[in-house]
Amino acid sequence: MNESAFTFCPHDGTRLTEHIEEGIPRPRCPSCGFIDYCNPKPCVAVLIEEHGRILVGRRAKEPAKGFWDILGGFIDAGETAENAVHREVLEECGLRVTIARYLGSFSDTYGPRGIPTLNLGFVAVSTGGEARADSDVAELRWFAPDELPETWAFPHQQAMIEAWRRLAGGAVRPIHDLTTEEAYRLVRDHFGHPLPPLDAIENEDWGRDYVLQHFQRHTAEELASAGLIWEENETR
Ligand SMILES: [Zn+2]
């Protein structure tokens with residue numbers, strides 16, 4: 001999509017004319033030289049994951065009012081994508097989150113004017129607050145991978161859901177679901193704790209607990225950066 005939002009120059013009101021730049025037609029102002037590159041607006045899209053389910057909102061407003069919608073929104077000027085994740089999620093559902101994973105970027109358009117958007121997809125984990133729909137969200141619901149909506153507010157959201165599904169049902173794993181070997185590699189390679197050789201501890205009764213206890217030295221945020229979470233009711 002490369003359609004200009006402007007018919008007239010936003011600076012001086014002169015009618016824009018077509019100008020070919022590097023083989024691409026660009027609307028240009030013959031008076032001041034303004035060129036509309038039709039760049040996309042950057043947005044964040046956030047899947048909050050818990051127990052293999054994701055939190056999704058239903059839109060309270062147009063466009064696409066009433067449709068299921070991935071939480072998120074436009075990034076403000078001067079704001080990082082990470083800050084936009086925290087701000088949008090807090091505004092829309094009242095949760096504080098930590099980012100577990102970047103899913104990729106997804107192109108789309110927004111609204112009747114077809115404003116081009118570039119949606120940066122994240123998976124995040126709640127670290128506090130109580131989920132309640134707010135701002136432009138009418139309703140919140142947790143969905144398991146096999147019960148997700150078929151129709152979404154915006155086409156890129158299906159692609160983002162597919163990207164999440166390719167992570168074998170979840171980007172975030174409870175620490176106690178890891179095999180001893182997986183835990184060992186994360187402790188050693190991701191968190192940099194020196195460990196004895198794997199085969200020296202793997203066959204011992206205490207081996208698994210010994211490996212898992214290394215995760216206790218890390219904050220929820222540090223663990224989320226490796227896609228890990230302590231499940232509720234787990235001893236730390
Ligand atoms: Zn102009």
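Let me begin with contacts, meaning heavy atoms within 4.5 Å. Of the contacts in the protein with a separation of 6 or more, 63% are between residues 24 or more positions apart.

Before going on, the conventions. This is a predicted model, where local features need pLDDT of at least 70 and side-chain atom pairs count only at pLDDT 80 or more, while totals for chains, interfaces and linings use all residues. Residues are numbered from 1 along each chain as its sequence is written, and side-chain values use heavy atoms, with hydrogens and water left out.

The protein has six helices and eleven strands; these are DSSP runs numbered from the N terminus, H or I with at least four residues for helices and E with at least two for strands. The radius of gyration is 23 Å, well over the 18 Å that the globule rule gives for 236 residues, so the protein is more spread out than a compact globule. That radius is taken over C-alpha atoms, and the rule is 2.2 Å times the number of residues to the power 0.38. The C-alpha trace spans about 80 × 40 × 30 Å along its principal axes. Buried residues are 43% of the 236; buried means under 20% relative accessible area, exposed over 50%, and partly exposed in between, with a 1.4 Å probe and protein chains only.

Now helix α1, residues 81–93. Its 13 residues reach 18 Å from first C-alpha to last, close to the 18 Å expected at 1.5 Å a residue, where the expected span is 1.5 Å times one less than the number of residues. Which residues of α1 are buried? They are Ala-81, Ala-84, Val-85, Glu-88, Val-89, Glu-92 and Cys-93. Seen down the axis of α1, these fall within an arc of 120 degrees, so they line one face of the helix; the arc is that of the directions from the helix axis to the C-beta atoms. They pack against several strands, including β3 (41–50) and β7 (96–110). Just after α1, Gly-94 has a positive phi of about 75 degrees.

Last, the zinc ion. Its protein donors are Cys-9 (SG), Asp-12 (OD), Asp-12 (OD), Cys-29 (SG) and Cys-32 (SG), at 2.3 to 2.7 Å. Donors are N, O and S atoms within 2.8 Å of the metal (3.2 Å for Na, K and Ca); water is not among the atoms, so sites may look incomplete. The donor residues are spaced C-x2-D-x16-C-x2-C in sequence. Cys-9 is buried at 4% relative accessible area, whereas Asp-12 is partly exposed at 36%.
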